Amino acid sequence: MTKFEIRGLRADVLIGEDERREILKGVDLTINSGETHAIMGPNGSGKSTLAYAIAGHPRYEITEGEVLLDGENILDMSVDERARAGVFLAMQYPVEVPGVSMSNFLRSSVTAVRGEAPKLRQFSKELQGAMKDLSIDSDFAARGVNEGFSGGEKKRHEILQLELLKPKIAILDETDSGLDVDALKVVSEGVNRAKENNDLGVMLITHYTRILNYVKPDHVHVFANGRIAESGGSELADTLEAEGYERFVKAGA
Amino acid sequence: MTGPSIEPKAHSHGLGDIPFSKLATHGSFDVNDFPVPNGREEEWRFTPLRRLKGLHDGTAAADGTDKIDIDAPEGVTVETVGRDDARLGTAGTPADRVIAQAYSSFEQATVVTVARGTALERPVTINREAQGGTRYDQFVIDVQPLAEAVVVLDQTGTGVRAGSVDVHVGEGARLTLVSLQDWDRDAVDVTQHNTQVDKDATFKSIVVTLGGDLVRLSPKVAYKGRGGNAELHGLYFTGDDQHHEHRSLIDHNVSNTRSRVEYKGALSGKGAHGVWIGDVIIGEGTTGTDSYEHNRNLQLTDDTRVDSVPNLEIFTGEVEGAGHAAASGRLDDIHLFYLRSRGIPEDEARRLVIRGYFLELINRIPVEGLAEEIMAKVERKLAAHE
C-alpha cells in the first residue's frame, strides 16, 4: 500500500536566464495505490507542469510544498532517485535520444530500477512479451530511443516502460493525445495491466474524456490556473464533457 | 566561431580576373619556400607553435625511431624505399612548413600497394609505435584500379612526428583508410593526408584522434576522374590541455564528384582545444558536384575551446549540392532528463548519450572488433574526466 501526497506544491517554469513564471499555485492531491485519478483541465492550466515538476524536469523549479511517497519527500531526491523510488512519468512528448538503442536503454533502465541486471535471456523474453502486448514490432528494440518514431509509437513505448519498470505511482501526461482509437485501446490495456499487476496508483492527465472510457477513474479533478479547482467522482468527467472548461477558465480570469 | 566564406566567382567572359582560390594553397616540397611561421598566419593561427617542439622552425633534430609492424594479406606489396622513389610525393604537395620540413628531411618511406582487381580478404594493418625523439615519415598507399581494400594505420607511443600519407585510389577502386591517433599523452603529430580519387573510385577516411599533446591532421582530397566519391569522417575526444586540429580540404576539380565530410568531437577539461577547418572548393567549369560538410562538438565542460570554420568556395553555377553545418554545444540536458527519469544514474546516462553521439560514426569502421575497441577507449577517456 502506497500513499502519494502532493502538498501545497508551487512551481515556476524557467523561461530565460532571469525570466520565470509561476505555473503551479498550491496543488494538493493524495493518490493511494490502486486508485486512478484523472486530472482534467483546459490547455495552459499547468497540468503538464505538475507532471514535469514532480519528475524533476530541469526547466521547472519547485518553490514551495512537498511531494511525499510513503512519507518521504521525493523533491529531495535526484531525478533518477525519484524513478528508482517508484515514480514514473509517461511523457506527452517523449524525448528522442539518438544513437542509444531502445534495447540498451531499457536494459539499463530496468537494471537501475530493479537494483540488479536481469538475466539476458530472461529479459529479452520479458521484453518481447511486453512489446507484443502493445503491438510493437520487435524491430524497434534495435532503433534509437524514440528516434523517428511516430507520435503513437512513442506513446506505446512509454507504456512499455511503465510495464517493465513496475512503478508504484504512474503519472500519464496526455498519453491519449494523438492516438487513433485502435492505438488508444492498446495503450489503455497496457495501463490497465500495470494497474492490475502492480496495484499501481495512477495520475492520468488528459484534456479529453475519451481515454476514461478505457481507463476508469476513481476520482476526477479539474485543474485550472495552477491548482485543483474542483474534485469529484467519474460523473464529473461527464459534466466536463457536456459543459467544457469554460466555467473554470472564467473563474480564474 | 568564424562564419563561412562563400565566394562565388563573378562571370569573367574572358575579361575579368582569373578565378582565384584562397583555399587552394599551392604548397612546396621544399621547406625553404616557407617562412618560419609566427602564429598569425591563417593556417597557423589556431596552432600553439611553442608546443610543436621545433617542427616549424627547423630546430627539431631527426633522432627518433618507430617500430612498424605491417600485417598484409595476399595481394598487397609492402616496400621500404629511399628518397628517390618515383612514387613519393605524387598525391599532393606539402601545404605548410612542417609538412615540407618532413618531406625535405625523411630518409625512408613505406609504400603499400594493393594489386589491380584484388579484393582483400582482411584489412592491411600498419601498427606504428613511436619510440621517442623526432621523426619525419612518408607513407604511400596505392590502391590500383578495381581493387578493394581497408587499411588501418594504428599509431601509438611517444615522440614528435611529422609527415605525409599519400593515397591513390585507382579507377573503380575502393579504399577505407582508418587512421588512429592514439598517441601517448605527450606526443606531437603533424600529418597531411593527400588522396587522389580516380574515376568512379570511392575513398572513405575515418580519422580517430584521442591521444597526443598536439595533433594537427590535414586530410586533402582531389579527384582524377568523374564519379569519384570521398567520405571523410572524424572523431576526436580532446581532454585537458590537448590540442586536436583537423583541417580537411576537398578540391572538386573534376565534374560529377561527390564528397561528404563529417567530424564529431567531444571535449572535456581545462585547456582542451578542438579545431576543425573544413575547406571545400568547387572548381571553375565543373558541373554536378555534390558536397556537404558538417562538424559537431560536444563541450562536456565549460573550460574547453572549439574553433569550427567551414569554408566553401564555388567557382561555377552548375552545382548539384553544396552545404555545410557546424554546431557546438553541451550535452542536451533534456536527453539526460529522459534517461534519468527512467532510473538511470546521471553518470551512466551521460555515458549512454556520448556513446550514442559517436555510435554512427564508429559503426562506419568496417573492421571486426576495432569499432568496439575504439568505443572502449572513448569510454575510458570519458571515465577519466568524470
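What follows is a working chat about a predicted model with chains A and B.

Biologist: Before we start, what are the ground rules for this model?
Modeller: The model is predicted: local features need pLDDT of at least 70, side-chain atom pairs count only at pLDDT 80 or more, and totals for chains, interfaces and linings use all residues. Residues are numbered from 1 along each chain as its sequence is written, and chains are lettered from A and ligands numbered from 1 in the order in which they are written.

Biologist: Chain A, then. How many helices and strands are there?
Modeller: Chain A has eight helices and twelve strands. These are DSSP runs numbered from the N terminus: helices are H or I with at least four residues, strands are E with at least two.

Biologist: What about its radius of gyration?
Modeller: Chain A has 18 Å, and a compact globule of 253 residues would be near 18 Å, so the two agree. The radius is taken over C-alpha atoms, and the globule rule is 2.2 Å times the number of residues to the power 0.38. The C-alpha atoms of chain A fill a box of roughly 55 × 40 × 35 Å along the principal axes.

Biologist: How much of chain A counts as buried?
Modeller: The buried share is 45% of the 253 residues. Buried means 20 or more other C-beta atoms within 10 Å of the residue's own, exposed means 12 or fewer, and partly exposed lies in between, with C-beta atoms placed from the backbone.

Biologist: What is the strand order in the six-stranded sheet of chain A?
Modeller: The order is E6-E9-E10-E3-E11-E12, in an open sheet with mixed pairing. Two strands pair if DSSP finds at least two bridges between them. The edges are E6 (87-90) and E12 (227-232) of chain A, each pairing on one side only.

Biologist: And in which sense do E3 and E10 of chain A pair?
Modeller: Parallel, over five bridges, between E3 (residues 36-40) and E10 (residues 201-206) of chain A. A:Met40 stands opposite A:Thr206 in E10(A).

Biologist: Where is A:Asn225?
Modeller: A:Asn225 is in the loop between E11 (219-224) and E12 of chain A. Its phi is near 55°, a positive value in a residue other than glycine. A:Asn225 is partly exposed, with 18 other C-beta atoms within 10 Å.

Biologist: Switching to chain B. What does its secondary structure come to?
Modeller: Chain B has four helices and 17 strands. Buried residues make up 49% of chain B.

Biologist: Which domains does the assignment give?
Modeller: Domain 1 (10-330) and domain 2 (332-386) of chain B. The bounds come from an automatic or database domain assignment. The C-alpha centres of the two domains lie 26 Å apart.

Biologist: How many residues of each domain are in contact?
Modeller: In chain B, 20 residues of domain 1 are in contact with 15 residues of domain 2. Contact means C-beta atoms, placed from the backbone, within 7 Å.

Biologist: Is E16 of chain B buried or exposed?
Modeller: Eight of the ten residues of E16 (residues 305-314) of chain B are buried, so the strand is largely enclosed by the rest of the structure. Ten bridges join E16(B) to E14 (residues 273-282) of chain B, and the two run parallel. B:Ile281 has B:Glu313 in E16(B) as its bridge partner.

Biologist: Now the chain contact. How many residues does each chain give?
Modeller: The contact takes 21 residues from chain A and 21 from chain B. On the chain A side, H2 (79-85), E7 (97-101), H3 (102-114) and H5 (151-165) each supply at least two residues. H3(A) gives the most, with five.

Biologist: How do the chain A residues divide by class?
Modeller: That side has 13 nonpolar, six polar and two charged residues. Ala, Val, Leu, Ile, Met, Phe, Trp, Tyr, Cys and Pro count as nonpolar, Asp, Glu, Lys and Arg as charged, and the others, Gly among them, as polar.

Biologist: What do the buried residues of H2(B) pack against?
Modeller: They pack against H2, E7 and H3 of chain A together with H3 (346-362) of chain B. The buried residues of H2(B) include B:Phe337 and B:Tyr338. Six of the eight residues of H2 (residues 333-340) of chain B are buried, so that helix is largely enclosed by the rest of the structure.

How values were computed: Two residues are in contact if their C-beta atoms, placed from the backbone, lie within 7 Å.
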